[in-house]
Amino acid sequence: MDYGTLQGIVTIVVMLTFVGIFAWAYSGRRKKQFDEAANLVFADEDENQALKDSGEQKQ
């Protein structure tokens, strides 16, 4: 096996890995999980605001 053949095999493996990740990321089955993950930042802000509000009421 020469260097060109090895380089071709590596290129194909990397390309198949990329296509696999792309298909996984854009599959319909993952949409709900990705939407929940995208909204985690906003959920954290809501919890922090609720803690601040409850702390202000106690004083």
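Visitor: Is K31 buried or exposed?
Guide: Welcome! This is a predicted model, in which local features need pLDDT of at least 70 and side-chain atom pairs count only at pLDDT 80 or more, while totals for chains, interfaces and linings use all residues. Residues are numbered from 1 along each chain as its sequence is written, and side-chain values use heavy atoms, leaving out hydrogens and water. Buried means under 20% relative accessible area, exposed over 50% and partly exposed in between, with a 1.4 Å probe and protein chains only; K31 has a relative accessible area of 51%, so K31 is exposed.

Visitor: What pattern does the protein chain follow along the sequence?
Guide: Helices (H or I, at least four residues) and strands (E, at least two) are DSSP runs, numbered from the N terminus. The protein chain has 3 helices and 0 strands. Read along the sequence, the pattern is therefore α-α-α.

Visitor: Which element of the protein chain has the highest mean pLDDT?
Guide: pLDDT is the predictor's confidence in each residue, from 0 to 100. The protein chain has a mean of 84, with 76% of its residues reaching 70 or more. Among the elements, helix α3 (residues 40-58) has the lowest mean, 67, and the highest, 96, belongs to α1.

Visitor: Which residue forms a salt bridge with K31?
Guide: Side chains of opposite charge can pair when their charged atoms come close. A salt bridge is a side-chain nitrogen of Lys or Arg within 4 Å of a carboxyl oxygen of Asp or Glu, and a search of the whole structure finds 1. With the closest N and O atoms 3.1 Å apart, the partner is D35.

Visitor: Why is the pair of F22 and Y26 called tilted, and what is the angle of its planes?
Guide: Rings of Phe, Tyr and Trp (its six-membered ring) pair if their centres lie within 6.5 Å; planes under 30 degrees apart count as stacked, over 60 as edge-to-face and the rest as tilted. The whole structure holds 3 aromatic pairs. In F22 and Y26 the ring centres are 4.8 Å apart, and the pair is tilted because the planes stand at 40 degrees.

Visitor: Which residue forms an edge-to-face pair with W24?
Guide: The two rings are 5.5 Å apart centre to centre, with 90 degrees between the planes. The pair links distant parts of the chain, W24 in helix α1 and its partner in helix α2, 10 residues apart.

Visitor: Which residue has its charged end over the ring of F34?
Guide: A charge sits over a ring if NZ of Lys or CZ of Arg is within 6 Å of the ring centre and within 35 degrees of the ring normal. Here the charged end is 5.9 Å from the centre of the F34 ring, and it belongs to R30.

Visitor: What is the area of the nonpolar surface patch that includes M15?
Guide: Patches are made of residues with over 30% relative accessible area and no salt bridge, joining like charges within 9 Å and nonpolar side chains (Val, Leu, Ile, Met, Phe, Trp, Tyr) within 5 Å. Accessible areas come from the Shrake-Rupley method with a 1.4 Å probe; for residues, only the protein chains shown count as cover. M15 lies in helix α1 (residues 3-25) and is partly exposed at 49%. Together with I12, L16, F18, V19, F22 and Y26, M15 makes a patch of about 810 Å².
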